[in-house]
Amino acid sequence: MSRVPRIAIVGAGPAGLLLACRLHQAGLPFALFDADAAADARAQGGMLDLHAGTGQAALRSAGLFERFQQVARYEDQGMRLLDGQGRVLLEDDGQDGDRPEIDRGHLRDLLLSALPPDRVRWGHALHQAVLEGPSVALHFGNGTCERFGLVVGAEGTWSKVRPLLTDVRPRHAGITLYELSLRNVDVDHRALAALVGRGTLVAKQGTRTLFAQRNANAHVRVYAALPQQLAAGESAPVQTRASLLQHFADWHPQLRRLIADADDAVRPWPIHALPVGHCWTHHPAVTLIGDAAHVMPPAGEGANLALRDAADLADALCSADWRTAVQTHEEAMFARAAVSAEAAQRILVSGSAEHMLATMRGDDGRDSN
Ligand SMILES: Cc1cc2nc3c(=O)[nH]c(=O)nc-3n(C[C@H](O)[C@H](O)[C@H](O)COP(=O)(O)OP(=O)(O)OC[C@H]3O[C@@H](n4cnc5c(N)ncnc54)[C@H](O)[C@@H]3O)c2cc1C
């Protein structure tokens, strides 16, 4: 029997694209599907800082690290932690940092550039995956169906591959982020540009948090995090800048301006997570990587873990029979994700500013890579 069967990768996010790059380089047979109509069908969102032991290592494994360095922003690694009254708890200018920032769109372009133009099969939203003996049938929303010997679910939080492995579904994590934008900050919002600095500002008081990230083109993305409890399938309540400001009424006026001076558009991100330590019984024909496997509250690790999962799975598939490879990859991924998920849960959902400070300083026992 062949060492590797025909492989399907479902989802062309960071995890799916990195895996595709590696399999392409290794000459292994695969198809890569994504629900989006095209690579540029939707904006990719804010920045990611890539960590040495996970995101950067994964790009290195695909021979993409030098090109990453050309587009990464080493100058935007600063970090400021404040409390709600504007008191600075931690200030790091990031000069010695090794967590360069990259816009998601640039990361996607970088990964796509390592694949032949026709390798991603856009417009293929997986509707259902069905086990048929040793293979898996993938039924797509466009009416097509294809069968594979190994299916890798890399299609994020609402994975349609996941139900083949587990009945566990992501639950609302008790928090919703509301995204706002400040544009052209170096000209139009100079005081806020200085407040945010070259990187990320986090202001935390109890369960309310404001994150402000400097992106490319002098664009600052602000996320206002509010505690909420949403039932399965329930949408997050709509918020305007005015209603958000009421939630931060007792905060320092300068911090409130991050909301008051932003554009009108407010985008909700209800945060869903799988349980910390989520795992499943191994199956030789199906596996998951990235958010599909271990979606957690965003605390700076999700995309890094997604890239590392993909690199590890590619390493395993290149060096062993696929049944062994899938199991080896899963065992390492379960252990790695559990540590990050526990820290993410603490930071975003239940942590105080002091708790976050300890985590950022590495005093919480988490591997900072
Ligand atoms: C507000 C916010 C801020 C974040 N900030 C950070 C950060 O600073 N650093 C960090 O490391 N992480 C961050 N994360 C987490 C990070 O975005 C994810 O962990 C990461 O994108 C996961 O990558 P992925 O490839 O597993 O999945 P995704 O990025 O979700 O990609 C999934 C892909 O699958 C496709 N897809 C979805 N459904 C289907 C389907 N049914 N059929 C076919 N294709 C499908 C999608 O179109 C997409 O291309 C943040 C998340 C949020 C919500």
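**Exercise 1. Which handedness does the crossing of α1 and α4 have?**

Solution. The model is predicted: local features need pLDDT of at least 70, side-chain atom pairs count only at pLDDT 80 or more, and totals for chains, interfaces and linings use all residues. Residues are numbered from 1 along each chain as its sequence is written, and side-chain values use heavy atoms, with hydrogens and water left out.

Step 1. Helices are DSSP runs (H or I, at least four residues), numbered from the N terminus. Axes are lines fitted to C-alpha atoms over the stretch in contact, and angles run from 0 to 180 degrees between N-to-C directions. The axes of α1 and helix α4 (residues 104-113) cross at roughly 20° and come within 9 Å.

Step 2. This angle makes α1 roughly parallel to α4 (angles under 35 degrees count as roughly parallel, over 145 as roughly antiparallel, 65 to 115 as roughly perpendicular and the rest as oblique).

Step 3. The crossing of α1 and α4 is left-handed; that term applies if the near helix is turned anticlockwise from the far one by less than a right angle, and right-handed applies if clockwise.

**Exercise 2. Determine which residues join α1 to α10, and classify them.**

Solution. Step 1. Helix α1 spans residues 14-26 and helix α10 residues 302-319; their axes come within 8 Å and cross at roughly 25°. The two helices are therefore roughly parallel to each other, and α1 passes α10 in a right-handed crossing.

Step 2. Contact means heavy atoms within 4.5 Å. From α1, Pro14, Ala15, Leu18, Leu19, Arg22, Leu23 and Ala26 meet Ala306, Leu307, Ala310, Ala311, Leu313, Ala314, Asp315, Leu317 and Cys318 of α10.

Step 3. The contact of α1 with α10 holds 14 nonpolar, no polar and two charged residues (Ala, Val, Leu, Ile, Met, Phe, Trp, Tyr, Cys and Pro count as nonpolar, Asp, Glu, Lys and Arg as charged, and the others, Gly among them, as polar).

**Exercise 3. Describe how α2 packs on α10.**

Solution. Step 1. Helix α2 (residues 52-61) and α10 pack at about 40°, with axes 7 Å apart. That angle makes α2 oblique to α10, and their crossing is left-handed.

Step 2. Gly53, Thr54, Gly55, Ala58 and Ser61 of α2 meet Asn304, Leu307, Arg308 and Ala311 of α10. By class, this contact of α2 with α10 has three nonpolar, five polar and one charged residues.

**Exercise 4. What area is buried between domain 1 and domain 2?**

Solution. Step 1. An automatic or database domain assignment supplies the bounds: domain 1 is 7-76 + 98-170 + 274-350, and domain 2 is 172-272. Their contact takes 18 residues from domain 1 and 18 residues from domain 2.

Step 2. The buried area is about 1400 Å², of which carbon and sulfur atoms give 57% (the accessible area, 1.4 Å probe, that two parts lose on being put together, summed over both).
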